Amino acid sequence: LQASIGDTCPRLRLSGVRGAAGDPSGVGIVSGEQSRIVVVNDDATQLRLVSALLETEGHQVTPYLDSEEALRALQGAPPPELVVLDLHMPGIDGWRFCRLLRSPDYEAYNRTPVLVVSATFTGTDVEAVTAELGANAFLPVPFSPETLRRYVTELLAGRRPSATLSVLVVDDERAIRELLRRVFSSHGYRVEVASTGVEGRSLARRMRPDILVVDHHLPDIPGDSLLSSLKRPGEAMVGILMTGDSDPGLALTALRKGADAYVRKPFDPSYLVDVAQKARRERSLLRVEEILESRTRELRSSESRYRSLFATIPEPILVLDESGRILQSNQVAERLLGLKAPDLFGTRFRSLVSPARVPDLERGLGQCWADGSGEFETTLVARDGTSWEGEVTARVVDFQGGKALLTVSRDVTERRQAERERERLAARAQHAQKLESLGVLAGGIAHDFNNLLVGILGNASFALMDLTEDHPAWESVKQVEVAARRAAELTSQILTYSGRAQVSMRPVDIATLIREMGQLLEPAVSRKALLRYELAPGLPAVLADPGQLRQVVMNLVMNASDALEGERGSIEVRTSLSALDSERLRAAVVGQDLPEGHYVVVQVTDTGGGMDAETLRKIFDPFFTTKFTGRGLGLAAVMGIVRSHGGGIMAESEPGRGSSFSILLPPSSHPVPHAGPEAPAPLSADGVWKPSGTVLVVDEEAAVRSVARATLERVGFRVLECEDGREAVRLFQLHRLEMVAVLVDLSMPELSGEEVLLSIRSVDPGIRVILSSGFRGDEMEERLMQGGADALLWKPYGSEELLSTLHRLITSRQGRDRTREGSVA
Ligand SMILES: Nc1ncnc2c1ncn2[C@@H]1O[C@H](COP(=O)(O)OP(=O)(O)OP(=O)(O)O)[C@@H](O)[C@H]1O
Ligand SMILES: [Mg+2]
């Protein structure tokens, strides 16, 4: 139907619009004679095509896809002029539909003409089917648009359209041709005749006869070959072979070649008409069977296609009923869940997901049922306990005569893991950035702060030199000095945290370092705390700044002691050499990216109150504290130090179960240094030293300059001071002969300390230069020493420090070779 209507539709539409004029079939209706036609067909394409065709003819068409709906709509409504019905429909089919229309329930429709169309009964005894249906006409599919129009027009005009069957007789004997023409015509057939095979073939191709009667002995083509070449499979045409031969084998050959019947000459012509009619009836029965068979084959192959698709889709598929029970599963689902189909069937989906995700799952499934489709995530658990993250896509489908939910649970475990890892890295980068900017900020403040502290500390020291201990102001000034020193300590911790602390790395034996700290730690911890050491012998050395390492141990032990909150408890300091794999390292607070391998570990464990996860997450943030007196810089400094040592930190704690901090340090290949106290730095000026000469003090800060001046003048130096580099160079040139040393701050406007150093060295290469700076650090130290400074002073420095440095430089004979004379210009 689709093909025959599709081919001619455009032309039909035009002629329909224009009316019947020029219609070659001559049976078009007159435009304007509009009839109401109801079309019922469960095939949407057929429905659309038939309706469109009738509308083109000017009719008012009401189409229905569903026969029950059509019947409901018809009840009580004025009857249409025509009903066009499909025979095969689900629910109420054409047979039942017709019977209802002819029943007393639909009295108004009893006389409404009904045209039944069907693909199944092609070529059958149309009259019989029509009568049995109670229909007015029956039109086998496929039909041409012209035929449909003719039928409709006839029915609307109150006539019964009938299909005139056509017969083609091919025989070289004229008498037989004419005899058959007469007999078939008298039975209402349209008859054409041909005398040769070639003529018969071309005529048959043109007219497509319903019945083809062929003589076996044609002059050009054997009759059976002509028959078999004209018969197309599945076509309604009936072929009959006539022969005068008495060979019984011929009948068999003929039938095998496609003849539907076989008559032996001479025969009664009416017998041939009977044979033809019988053959047609048989053919239509055969055709129904053929259709059934081909439909069954199609169904089977589509089912097997679906089966293999279902089985081979590489995603786990489960079909669920409304209570969430499994109706069907595919192999992937069975493999991933570790269950075979029979065990899976009837199991609830919820029993396959991790208990924590059940509420999510119920919600997700409910939503899919309500919306017809949807997506959600869940965690599926296989029989062996392994689990995977499933991204479930679900859709409501028709399944085994009811509704079911088809679910595909794609394994997205790896994708989710990668996402989480990305988020973790992003969070870490953000945290690192935060710490970095805090460091820059803190470092900047510490710099200015240090300059102020030089003033405070220096002035306090002077005042104390002038006062005797029994002076009423002595204690207050002493307190100023103490406070200023604490402040200096704090700045130094901030600088440590910001990574700008001065460090001097050397191989350190960690056990010795901790043992020597004993006297320092004992008095510092709470009296009720039991401090224990477990120091593994023979550990490799680590490359570290001993002062900073002491600070790390001190801060951890102090925290442990605080955690005991004055109660009885123990603090254990343990050292070891431990092998750490990347999984353990990933748990580190600092150093997740450290390479796998051996690390020297310093572990401080306490039996104190411990921390919850929330606190544990924040403890390394600068200024995070839970203590009344705490500053929250202890662990921040530990973090800064460990970072600058290329090490790692692990922290473990639980509320009520104490805490444990482990510092991981990469072992160094240097030999373990001999134990022994570090050489103390030379301290104050001795009695013999008689300072003289001029010292140039260059610093932007007036407070710093005035403290330095007072300190130096007090012991006998003459002091020249200035606040910028250019002035410094000028003053130096003016007074170079009396100059014994220059104290320059590193950061100044115009000329930096390093540039001043270069300029004055070019005037006097032997002049002793002390550079001072508020920024500490290994790198800085190296840079300054390479730049040619004789000594460095880190701000804030006290008077004693300044004097001892000068004393060391001036009295040191190994110092710089003075070539003052040689350099005088
Ligand atoms: N061993 C521990 N047991 C329990 N809580 C601890 C422990 N160590 C650190 N904390 C928690 O971490 C916080 C931060 O420690 P941190 O050493 O940085 O600062 P603080 O001790 O509070 O102050 P300070 O700057 O004086 O060291 C503490 O306030 C405390 O809440
Ligand atoms: Mg602390």
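**Reading loops, helices and cysteines**

E565 is found in the loop between α18 (546-563) and β19 (569-580). Helices (H or I, at least four residues) and strands (E, at least two) are DSSP runs, numbered from the N terminus. This is a predicted model, where local features need pLDDT of at least 70 and side-chain atom pairs count only at pLDDT 80 or more. Residues are numbered from 1 along each chain as its sequence is written.

User: Is E565 buried or exposed, and what is its phi?

Analyst: Buried means under 20% relative accessible area, exposed over 50%, partly exposed in between (1.4 Å probe, protein chains only). At 65% relative accessibility, E565 is exposed. Its phi is positive, about 50°, although E565 is not a glycine.

User: Where does P266 sit, and what is the peptide bond from K265 to P266?

Analyst: P266 is in the loop between β10 (261-264) and α11 (269-312). The bond from K265 to P266 is cis, with omega near -5°.

User: How many disulfides are there?

Analyst: A disulfide is a covalent bond between the sulfur atoms of two cysteines. The rule here asks for a pair of cysteine sulfur atoms within 2.5 Å. The count comes to zero. C368 is buried, at 1% relative accessibility. C722 is buried too, at 5%.

User: Which residues of α23 meet α24?

Analyst: Contact means heavy atoms within 4.5 Å. G725, A728, V729, F732 and Q733 in α23 meet V756, S759, I760 and V763 in α24.

Notes: Chains lettered and ligands numbered in written order. Heavy atoms only, no water.
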